[in-house]
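Me: I am new to this structure and would like to learn how its features are read. Could you take me through them one at a time?

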Amino acid sequence: MLGRSERESAAHVLAAARIGGWDVPHNRDELSDVLDLGSMTAALATVARISDLRAIMHIGHPAQPDHGLERALLAAAPDLRVTSAVAVTPEWVWVSRAAEVSDHVVVDEAAMRDCRHVVRSMGASPHLVPTRTPLEERVALAGEAGSIVVERSVAERALIPAGFHEVPGSERLAELPPLWFGLVEPVSTPVDFTEPAQVWLAFGPRDDHRGSLQSTLGLIAEAGFDLDHLRSQQSVAGPHLFLASFRCDGSAALRGLRAALQDHGVAHRVLAVMAGSDFAPGADAVEPRWARPL
């Protein structure tokens with residue numbers, strides 16, 4: 001069985017399941033329904049508790065994890081892990097039934113995450129609704145001159161309401177980069193792998209003092225890993241913890257790093273192991289504008 005959090009787009013989750021081959025039907029041709037498991041925290045707790053249930057979640061990018069998912073995974077059952085990742089072409093479309101469209105646009109949480117920059121750059125004012133809001137209710141909220149952002153289709157069934165047409169600017173949603181989704185499931189023991197994979201690792205130095213992070217990063221460097229991502233996070237236990245992502249060529253190297261961390265008293269946990277070495281398109285990038293030379 002497959003599930004998703006209430007904030008995820010069912011259309012994109014189903015596409016991810018199909019692309020990843022994560023839902024293998026038995027004695028039938030169609031994919032099974034994806035269960036709405038509630039909030040991200042509730043979804044992870046349910047997956048940890050029910051056997052044969054896995055969740056599909058938006059992960060940001062394999063090399064640049066979504067911070068909310070990182071936090072939720074680390075706070076969830078210790079055996080939960082992202083085990084695979086796929087890129088999905090966005091299905092978003094911006095539609096209205098009016099010839100002259102107002103700046104009022106109804107978007108759900110998934111559309112807001114993926115499309116907010118385009119919508120706002122067009123001068124529209126998003127009206128946020130829960131992702132589980134029925135399409136009929138969204139149409140009513142949009143009114144006669146408003147618009148909605150919705151998936152073009154789900155499981156080959158059109159979702160654009162009758163009488164609605166694409167508005168100027170909708171074509172920009174088709175230019176959005178692919179969306180990355182991952183499969184989250186319990187993994188009782190570390191999986192052996194010999195091909196390259198992207199690893200998410202959470203770690204907390206034993207002592208929160210000047211240089212504690214530097215010494216831990218030294219252990220990671222000595223193990224031969226070059227970090228793609230590093231973020232700090234306050235811990236209720238006191239010291240800061242850190243969330244990292246890096247490429248790993250095999251499980252032997254990862255075991256070596258974990259042994260070194262354990263020997264030095266560094267608490268840690270693997271949050272993801274996703275097979276692959278070229279997760280194109282790449283993670284979101286910024287063009288920096290540095291301070292002028294002194």
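Predicted model: local features only at pLDDT ≥ 70, side-chain atom pairs only at ≥ 80, totals over all residues.

Me: Which strand pairs with strand 13 over 5 bridges, and in which sense, parallel or antiparallel?

Reply: That is strand 3, which pairs with strand 13 in the antiparallel sense; here Ile 56 is found opposite Leu 183 of strand 13.

Me: How many of the 8 residues of strand 13 are buried?

Reply: A residue is called buried when its relative accessible area is under 20%. In strand 13 (residues 179-186), 7 of the 8 residues are buried, so this strand is largely enclosed by the rest of the structure.

Me: How should I read the order of strands in a sheet, and what is the order in the open sheet of 5 strands?

Reply: The order lists the strands as they lie side by side, and for this open sheet it is 8-7-9-6-12, with mixed pairing. Strand 8 (125-129) and strand 12 (165-166) stand at the edges with a single partner strand each, so one side of each has no neighbour in the sheet.

Me: In which sense do strand 7 and strand 8 pair?

Reply: Strand 7 (residues 104-108) pairs with strand 8 in the parallel sense, over 5 bridges, and one detail to look for is Asp 108, whose bridge partner in strand 8 is Val 129.

Me: Which strands does helix 4 touch, and what angle does its direction make with that of strand 7?

Reply: Helix 4 (residues 109-121) packs on the sheet and touches strand 6 (92-96), strand 7, strand 8 and strand 9 (147-151), while its direction makes about 145° with that of strand 7.

Me: Let us turn to charged side chains. How many salt bridges does a search of the whole structure find?

Reply: To read a salt bridge, look for a side-chain nitrogen of Lys or Arg within 4 Å of a carboxyl oxygen of Asp or Glu. The search of the whole structure finds 11 salt bridges, and among them is the one in which the side chains of Arg 132 and Glu 6 meet, at 2.7 Å from N to O. This pair links distant parts of the chain, 126 residues apart, with Arg 132 in the loop between strand 8 and helix 5 and Glu 6 in the loop between strand 1 (2-4) and helix 1 (10-20). Glu 6 is partly exposed, with a relative accessible area of 26%.

Me: Which residue forms a salt bridge with Glu 109?

Reply: Glu 109 forms a salt bridge with Arg 7, and their closest N and O atoms are 3.7 Å apart. Here too the pair links distant parts of the chain, 102 residues apart, as Glu 109 is in helix 4 and Arg 7 is in the loop between strand 1 and helix 1. Glu 109 is partly exposed, with a relative accessible area of 24%, and Arg 7 is partly exposed as well, at 48%.

Me: Which residues are linked with Arg 132 in a network of salt bridges?

Reply: The network links Glu 6, Asp 36 and Arg 132. Asp 36 forms a salt bridge with Arg 132, with the closest N and O atoms 3.3 Å apart. Asp 36 lies in strand 2 (residues 34-36) and Arg 132 in the loop between strand 8 and helix 5, so the pair ties together parts that are 96 residues apart in sequence.

Me: Finally, which residues make the nonpolar surface patch of about 260 Å²?

Reply: The patch is made by Met 1, Leu 35 and Ile 50, and residues in such a patch have over 30% relative accessible area. Leu 35, which is in strand 2, is partly exposed at 37%, and Ile 50, in the loop between helix 2 (40-49) and strand 3 (54-61), is partly exposed at 36%. Not counting residues up to four places away in sequence, Leu 35 touches Met 1, Leu 2, Gly 3, Arg 4 and Leu 53.

Conventions:
Residues numbered from 1 in each chain as written. Heavy atoms only, no water. Patch = residues over 30% accessible without salt bridge, like charges linked within 9 Å, V, L, I, M, F, W, Y side chains within 5 Å. Areas by Shrake-Rupley, 256 points an atom, 1.4 Å probe, with all protein chains shown as cover. Helix = DSSP H or I, 4+ residues; strand = E, 2+ residues; numbered from the N terminus. Buried < 20%, exposed > 50% of the residue type's maximum accessible area, 1.4 Å probe, protein only. Pairing = 2+ DSSP bridges. Contact = heavy atoms within 4.5 Å. Axes fitted to C-alpha atoms, helices over the stretch in contact; angles between N-to-C directions.
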